[in-house]
Amino acid sequence: MRLIRSPRPAARSWAPADRLPPDPTHRPPPANAGSRRLRSATSERHPATGAGPPGRAWTSETVVLPDANEAPLVEARDISFSYGPLQVLFDVTLSVARGSQVALLGTNGAGKSSLLRVIAGLQSPQRGTVQFKGRDVTKLRASQRARSGMTLVEGGRATFPSLTVLDNLKMGAYPVNDAAVVAARLEDVLALFPQLSTRLQQAAGTLSGGEQQMMAVGRALMASPEVLLVDELSLGLAPIVMQEILRVLEQMAARGVTLIVVEQSVNIALGLAQHAYFMEKGEIRFSGPTVELLQHPEIVHSVFFGDEVVTTS
Ligand SMILES: Nc1ncnc2c1ncn2[C@@H]1O[C@H](COP(=O)(O)OP(=O)(O)OP(=O)(O)O)[C@@H](O)[C@H]1O
Ligand SMILES: [Mg+2]
């Protein structure tokens with residue numbers, strides 16, 4: 001899989017929706033942004049996976065690294081969260097740089113979905129804060145966070161089944177009043193997922209599982225997010241559908257969209273993300289470059305087989 005990173009284009013219809021006050025932490029890419037670009041050496045790739053050494057986003061093409069001096073785009077700090085008496089997140093801290101792609105891995109019930117829901121504002125933490133674009137958004141509702149550029153695709157149940165595919169897609173752009181902008185975004189989404197073009201008048205509930213996932217991602221893209229959070233990215237999807245969705249996410253990444261993706265496949269995480277978090281029993285047990293996962297066979301085993309990690313070194 002090839003990830004091609006390029007500086008953010010200024011495509012009008014995809015310009016990130018920024019309805020918070022101006023971001024004090026965001027600086028436009030410097031004129032010499034090229035100096036931060038690296039070109040990987042094929043000979044330095046991992047012989048089995050094609051991945052390069054830790055700390056870099058590796059590709060055979062030019063890549064752009066996140067600016068180390070820039071504040072994180074999304075940061076969850078010391079999050080504790082409970083469903084009633086059941087605490088499921090314990091002091092979870094996660095930090096995501098603008099323009100980066102992050103994989104969130106973990107055993108079943110580790111708290112990955114709960115963490116995404118807290119970040120997106122669908123759940124309120126008992127302790128800790130969520131920062132977005134350098135501001136504390138912990139008290140903002142999910143709809144306010146969505147309007148300011150944060151979009152969550154929830155696994156499996158992301159459709160309004162009785163509405164048409166077209167209406168589902170349009171709903172993704174609900175805060176936008178400009179019909180021309182909505183039409184341009186729709187055109188973009190249909191170019192990314194041409195399979196949906198022939199299904200526009202069909203009730204969403206009659207789509208195949210793979211098509212529903214495409215539609216869910218497409219609808220999220222209609223919001224023109226700065227950060228896209230995707231839960232259960234590949235669960236239950238045929239490899240060909242998965243490839244299609246990955247191709248779109250890679251294009252989003254190339255446009256500068258930040259991705260936080262819950263993923264069960266370490267291979268997909270390695271291909272899509274530069275950084276990985278591994279969660280177990282409501283805590284972060286590993287955080288580092290995705291290629292370093294290969295140095296932790298116990299994590300790879302646990303993600304794959306769903307058992308507990310006994311030792312981490
Ligand atoms: N609405 C809810 N009410 C009560 N407990 C819940 C609720 N949703 C999740 N939980 C519990 O919270 C814990 C974390 O669940 P969560 O869905 O966040 O895990 P996960 O890492 O996403 O798991 P999976 O990989 O299976 O999707 C689990 O023990 C789960 O049973
Ligand atoms: Mg989950």
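Strand 3 (residues 74-83) and strand 4 run antiparallel and are joined by 7 bridges. Within this pair, S82 stands opposite Q87 of strand 4. The model is predicted: local features need pLDDT of at least 70 and side-chain atom pairs pLDDT 80 or more, while totals for chains, interfaces and linings use all residues. Residues are numbered from 1 along each chain as its sequence is written, and chains are lettered from A and ligands numbered from 1 in the order in which they are written.

Helices (H or I, at least four residues) and strands (E, at least two) are DSSP runs numbered from the N terminus; strands pair if DSSP finds at least two bridges between them. The open sheet has 4 strands in the order 4-3-6-7, with antiparallel pairing. Strand 4 and strand 7 are its edges, each pairing on one side only.

| Element | Residues |
|---|---|
| Strand 4 | 86-96 |
| Strand 6 | 127-132 |
| Strand 7 | 135-136 |

Helix 1 and strand 4 each supply at least two residues of the shell around ligand 1, and helix 1 gives the largest share, 3 residues. The shell (C-beta atoms, placed from the backbone, within 6 Å of the ligand) includes Y83, N108, K112 and S113.

V261 touches A103, L104, V230, L233, L272 and A273, leaving aside residues up to four places away in sequence; contact here is C-beta atoms, placed from the backbone, within 7 Å.

Terms used
Contact = placed C-beta atoms within 7 Å. Axes fitted to C-alpha atoms, helices over the stretch in contact; angles between N-to-C directions.
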